[in-house]
Amino acid sequence: MRVSSGVAGFDDLVGGGLPGERLYVICGPPGSGKTTFSAQFVAEGAAGGDRCLFISMHESREDLERDMASYDFGFERALDSGSVTFLDAFSSEGKRFFGMPGDRRDVNSVTNRISSFIESRDIDRVVIDSTMLLRYLLDDSDNTVMRFLSALKRTSATTYLISEMTDPSAYADEHFLAHGVVFFHNYMEEDGMRRGLQVVKMRGADVDTDIQGLRFTASGLVVGDGRTVTH
């Protein structure tokens with residue numbers, strides 16, 4: 001089963017769409033497009049009738065709606081459709097679900113809550129923003145984050161985990177565990193800042209691993225601008 005990302009040009013890089021029911025790490029520096037990429041994934045799913053879950057520790061629903069309002073891919077419409085559950089980890093609802101700040105729950109408790117939510121509601125697409133959220137929720141001793149992600153991989157959802165990694169050569173455990181890793185690049189050229197996207201890893205797909213041009217447009221992110229970045 002292939003799952004469309006909702007991002008123009010990206011599905012072509014991964015053989016016509018993402019292999020479904022798998023875990024993908026979306027990583028890169030601040031402002032590189034990770035959240036927009038993930039919002040397009042959710043909007044695409046909602047438009048096709050998928051049930052989606054977006055868990056955030058960085059922004060409230062209102063803030064994210066405002067951030068995505070300049071694009072026409074329909075993120076606000078997706079949130080209002082009833083197909084998307086948005087959970088702000090720092091909202092009163094999020095604190096009831098996950099626990100209060102500083103009250104780290106047992107990894108099994110958090111894992112069971114999220115996995116059970118995904119399975120009981122037949123969630124098709126999940127976004128977790130971000131790895132900082134996992135380390136806020138979980139005690140990272142005894143590889144609890146890895147245990148959580150291993151359990152998440154066993155659900156029937158296609159999951160994006162947003163990571164704040166800024167060095168594409170500095171891999172974390174979640175990058176080895178994930179089925180796929182997509183890295184967003186910001187780099188300088190003589191005429192200014194450029195953006196790029198690179199599929200570093202994708203199990204089960206024949207992928208183009210070169211850095212591709214990436215643009216922000218009124219329709220959201222677009223991958224490919226007629227050239228491949230070679231450095």
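Predicted model: local features only at pLDDT ≥ 70, side-chain atom pairs only at ≥ 80, totals over all residues.

Residues are numbered from 1 along each chain as its sequence is written, and side-chain values use heavy atoms, with hydrogens and water left out.

The largest pocket holds about 300 Å³ of space. A pocket here is an open set of points on a 1 Å grid over the protein atoms alone, where a 1.4 Å probe fits, with protein on both sides within 12 Å along at least five of seven lines; lining residues have an atom within 4 Å of a point. The volume is the space filled by probe spheres set on the points. Seventeen residues line this pocket, and Pro30, Gly31, Lys34, Thr35 and Glu59 lie nearest its centre. Helix α2 (34–47) gives the largest share, three residues. Helices and strands are DSSP runs, H or I of at least four residues and E of at least two, numbered from the N terminus.

Now the backbone. The peptide bond from Asp129 to Ser130 is cis, with omega near 25°; Ser130 sits in the loop between β6 (125–129) and α7 (131–137). Glu21, not a glycine, has a positive phi near 60°, and lies in the loop between β2 (18–19) and β3 (23–27).

Last, Asn108 belongs to helix α6 (107–120). Asn108 and Phe148 are 40 residues apart in sequence, but 7.9 Å apart in space, C-alpha to C-alpha.
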